[in-house]
2 protein chains.
Amino acid sequence: MRIVIVGGVAGGMSAATRLRRLSEDTEIIVLDKGPYVSFANCALPYYLSGTIKDRDQLVVESPEHLRQRFRIDVRPNTQVTAIDPDKHQLTAVAGGKEARIDYDRLILAPGSTATIPTIKGLGTADNVFTLRNIPDVDRIMASLNHDAKTAAVVGAGSVGIEAVENLTKRGIETTLIEAGDHILPFMDEEMAALVSRETTQHGVTLKLNTRVDEIANHQLKLSDGTTVDADLVILAVGVHPNTDTAQQAGIKTGPRGGIVVDDQYRTSAPDIYAVGDAILVKQLITGKLTSIPLASPANRQGRQVADVIMGLNRRNQGGIGTAIVRSFDMAAASTGLNRRQLDEAGIAYQTIHITGQSHAAYYPGGTPLSLKVMFDAKTGQLYGAQAVGKVSADKRIDVLSVAIKAKMSISDLPELELSYAPPFGSAKDPVNMAGYAGENLLEGLSDNIQFDQVDDAVRNGAYLIDVRSPKELQRDGRLPDAVNIPLDSLRDHLDELPKNRPLIVSCRSGQRSYLAERILKNDGFDVKNLDGAFLTYSAAYPERIQH
Amino acid sequence: MRIVIVGGVAGGMSAATRLRRLSEDTEIIVLDKGPYVSFANCALPYYLSGTIKDRDQLVVESPEHLRQRFRIDVRPNTQVTAIDPDKHQLTAVAGGKEARIDYDRLILAPGSTATIPTIKGLGTADNVFTLRNIPDVDRIMASLNHDAKTAAVVGAGSVGIEAVENLTKRGIETTLIEAGDHILPFMDEEMAALVSRETTQHGVTLKLNTRVDEIANHQLKLSDGTTVDADLVILAVGVHPNTDTAQQAGIKTGPRGGIVVDDQYRTSAPDIYAVGDAILVKQLITGKLTSIPLASPANRQGRQVADVIMGLNRRNQGGIGTAIVRSFDMAAASTGLNRRQLDEAGIAYQTIHITGQSHAAYYPGGTPLSLKVMFDAKTGQLYGAQAVGKVSADKRIDVLSVAIKAKMSISDLPELELSYAPPFGSAKDPVNMAGYAGENLLEGLSDNIQFDQVDDAVRNGAYLIDVRSPKELQRDGRLPDAVNIPLDSLRDHLDELPKNRPLIVSCRSGQRSYLAERILKNDGFDVKNLDGAFLTYSAAYPERIQH
């Protein structure tokens, strides 16, 4: 049997090596349009700064070694131009020569390509790059070595954020331009704002709600009327699946061109399978088809399609989507659905913001950890979580990703037995704490109001009480229109509070205000806790804080 | 209603504060025999070295602040000497005066006490301490400040390991004496061996399989015939529940004196509840009653018993047990059952050892991560996991603790969507890899043999092949009786291998040897993979490696 694989990076190469482990006598041919197979896409930004110094590190496996160890026939620089499903044959071009290759099974793992936005002057500019593969990186490095002093990165997704960090670390004055209202579209605005702060504190100029109108003479004209100098420009506005050839062959595709596959990776054409960035997968929570163009699922899918072809019972189970990115010293991670996705899906959910510490407060070196968890307003089923912090955001999101996948409820989080010793965590981990806080909401012991609802509520008559100490208000700033009553004297002032107005309580992180909420509820007041309190509100609206 | 709580640290104080949040008009009295309530037990070892510099950091809350903020009547230095369940009354002694205190509900959270082994001379020695509370630490600090140069720690559990690290960091020459055959009894021997190595590399003298026969004149006589100088001695051989008073009151206790409670923390006596180190809980996997004397469960139980008393529907769900300890730069963590517990429970299980990296290999700063996962030999249900590494052992064990709690199978691990970017992980995380390896065992694609079975197998005729490169053998050492055939030339030597003997293959971590196993299996050989390969074998038996 001959199995041909189109695309030799994550999904394709995982399929090829697993096929060999399952069968010594199958002929395995891998075709890749680029000069390198099995390269480390995710490493590329870090090569720009020299964090990864050795260019050889970008290449995981060479064709020669794959031939020797796995007896895989790897053919780089080979472009597949046509597929004939009826004949079980494809057409490939290498070195200007066209060849036909027969296959018994075909696996499409063509990946995705950087989307190029429409910008005036882009066609003639010689300093605009994408950042998707090794030739891209070679071109950027040549430009950097050619005395570049300024750069612009267009698009503030993960690749854009990583590009900005590494250009800045190289000493390049960098501007980040994003059309949306916050960076990192997989995160919600108030969580992304914590990363924006980290980015600008490292000297990056950030332009939100801004588009590039024109590129000319190492300068960008922006939609806000300003111009930005940029000796080089990196476009990182997203990717789209490489599925032109598949579509021309009549293979069924869906939203945004992703290949439609069944749960065993079969496309609509006989004996043709597809995996990786190019396919659509089922979002486990909404049940809808979506694209999750990440390395981990691609690797898993590649291995699974090999199993399916070799007769093992393996099925794609769909995905919840987990992502992480670092910006300088800060990590931002997300799993499951974010707020926009929940709203689009019409799901009724509750939200908890917790600010804890990476480890026990009394042990030195701890750093703040901001955690957001969203769950079903009635059943408590976990839908999504986001974390931002210098240390261990990855850990908390990984824990929550397993909990979401296991269809756990917010009430299960207090039961999680997470490892605790002073250097690693807290006896009540932030994940446990989110569970306690969420359970309080579900059981009606607490009610909360979100950072973006409180100003309206106050305008409509709510009485906002900040229970921090006067010293904290002076140091960190005041919430607009809040009355300050420190927690420990709240019980002495109950008589002075308006009985006929809804109350909202806030503190720094939301923990003291929760106690205040309970004191007030026990006294019969109609009261809500400002979720995430001052820390979340001031991250989202730094300009509204009064100093 | 008056609720009296005996014990004001983790479980007791969590109960007290939750009670107040649920009810403003309940009288809450907390009695503690020690001078401090709500102190940070887990911080104590780190105060010895000055890692935690400020003694105030050891105290989380003062009685005054608890009174002010929570209106809790906290009474330190108050010893409960008797409980009369019929009268709903207890006897307490404070400042030499005895008083009777009535209660409507009583919560016992007395914690546990350091076990004192029987050693000749112990009664008259003035330099022997335990390390359980602030007065203990004050005494140890006085001794250290009195020109101590040498120390011995008896018992290599978590407290012993942390004591050794902090004494060493203070410049004290320290000997660790353990009666068992490996340190850290919650870990298995080959995993604990990785931590032993870290400990001795930092200058600690480690005595395994050794008991202390006599203490005299700042010297210990050991069961191996040697003596050890010790200006101070810390006893850390374990703890037992503080349940004498409960037992005298006729409250039912079980194995090793732990208080028996129902799943709502009710003891056998009416209106008396118990939580924390002193109670027995259900081990979720075996279903047996056990003691899990850790801070996290105590905190959870304290909160839950408050809920129960206030009429909320809360139940103790049992526990799987998760623990972590750091020894110098190395962390060792465990969740679920270890090998000894699985063997005692008579469960048939399979084992996978994986050595991966804390994050992507191409990104600088990664450190080795050793992971062990045990699961049901037939169903794949996860039973236990252990991790040792400088970075992110906590993360992997937390992930696996959730998977175990969710009753996931080893075949679910490849599906976990863990956060991946180069500084944080790998596209195929070690947890995913363990899942792939375990699934291969379950499906019969791979068979493994454990590090402690291979020597016997070879003696009984198995043919052991090491597929590492000759350079690696020279650098790292050879397995006894192994034939070296580098992986990439294995296919050329198939004819030379014995057809009528079982084969065992090994490499460095087990990944290359798995490919070798598949090549050999596809060629009809009877072959097993040495699980964990050279790294696991050499950690367990460093003395058997040939250089």
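Glu517(A) and Lys521(A) both belong to helix α14 of chain A, where they are four residues apart, about one turn of the helix; helices (H or I, at least four residues) and strands (E, at least two) are DSSP runs, numbered from the N terminus. An α-helix has 3.6 residues a turn, so residues three or four places apart point the same way. The side chains of Glu517(A) and Lys521(A) meet in a salt bridge with an N to O distance of 2.7 Å, the criterion being a side-chain nitrogen of Lys or Arg within 4 Å of a carboxyl oxygen of Asp or Glu. Glu517(A) has a relative accessibility of 0% and therefore counts as buried, where buried means under 20% relative accessible area, exposed over 50%, and partly exposed in between (1.4 Å probe, protein chains only).

The model is a predicted one, in which local features need pLDDT of at least 70 and side-chain atom pairs count only at pLDDT 80 or more, whereas totals for chains, interfaces and linings use all residues. Residues are numbered from 1 along each chain as its sequence is written, chains are lettered from A and ligands numbered from 1 in the order in which they are written, and side-chain values use heavy atoms, with hydrogens and water left out.

The interface between the two chains was examined next. In chain A, 80 residues are in contact with 80 residues of chain B, contact meaning heavy atoms within 4.5 Å. The two chains bury about 7,500 Å² between them, 54% of it on carbon and sulfur atoms; buried area is the accessible area (1.4 Å probe) that two parts lose on being put together, summed over both. Of the area that chain A buries against chain B, 11% comes from Tyr362(A), Glu415(A) and Glu417(A), more than from any other three residues. The rule finds 14 salt bridges across the interface of chain A and chain B, and one pairs Lys395(A) with Asp398(B), with the closest N and O atoms 3.9 Å apart. Polar contacts across the interface of chain A and chain B join 48 residue pairs, both residues at pLDDT 80 or more; such a contact is a pair of N or O atoms within 3.5 Å, and within protein one must be able to donate a hydrogen and the other to accept it, while residues adjacent in sequence count only if both atoms are side-chain atoms.

Several elements of chain A, including α1 (10-22), α8 (295-309), α10 (393-405) and α14 (511-522), each supply at least two residues of the side that touches chain B. Helix α10(A) gives the most to this side, with eight residues. By class, the side of chain A that touches chain B has 36 nonpolar, 19 polar and 25 charged residues, with Ala, Val, Leu, Ile, Met, Phe, Trp, Tyr, Cys and Pro counted as nonpolar, Asp, Glu, Lys and Arg as charged, and the others, Gly among them, as polar.

Helix α10(A) has 13 residues, which at 1.5 Å a residue should span 18 Å, and its end C-alpha atoms are 18 Å apart, in agreement; the expected span of a helix is 1.5 Å times one less than its number of residues. This helix, α10(A), is mostly covered, with 13 of its 13 residues buried, and is followed by Lys407(A), whose phi is positive, near 55°. Helix α1(A), with 13 residues, reaches 18 Å from its first C-alpha to its last, close to the 18 Å expected, and 12 of its 13 residues are buried, among them Arg18(A), Arg20(A) and Arg21(A).

Over all chains, the structure holds 80 salt bridges. In chain B, Asp271(B) forms a salt bridge with Arg105(B), the closest N and O atoms being 3.8 Å apart. Because Asp271(B) lies in the loop between α7 (244-248) and β18 (272-274) of chain B and Arg105(B) in strand β7 (residues 105-108) of chain B, the pair ties together parts that are 166 residues apart in sequence. Asp271(B) is partly exposed, with a relative accessible area of 27%, and Arg105(B) is partly exposed, with a relative accessible area of 22%. Asp147(B) forms a salt bridge with Lys149(B), with 3.1 Å between the closest N and O atoms, and Asp147(B) is exposed at a relative accessible area of 56%. Salt bridges that share partners join Arg18(A), Asp307(A), Arg314(A), Glu439(B) and Glu443(B) into one network.
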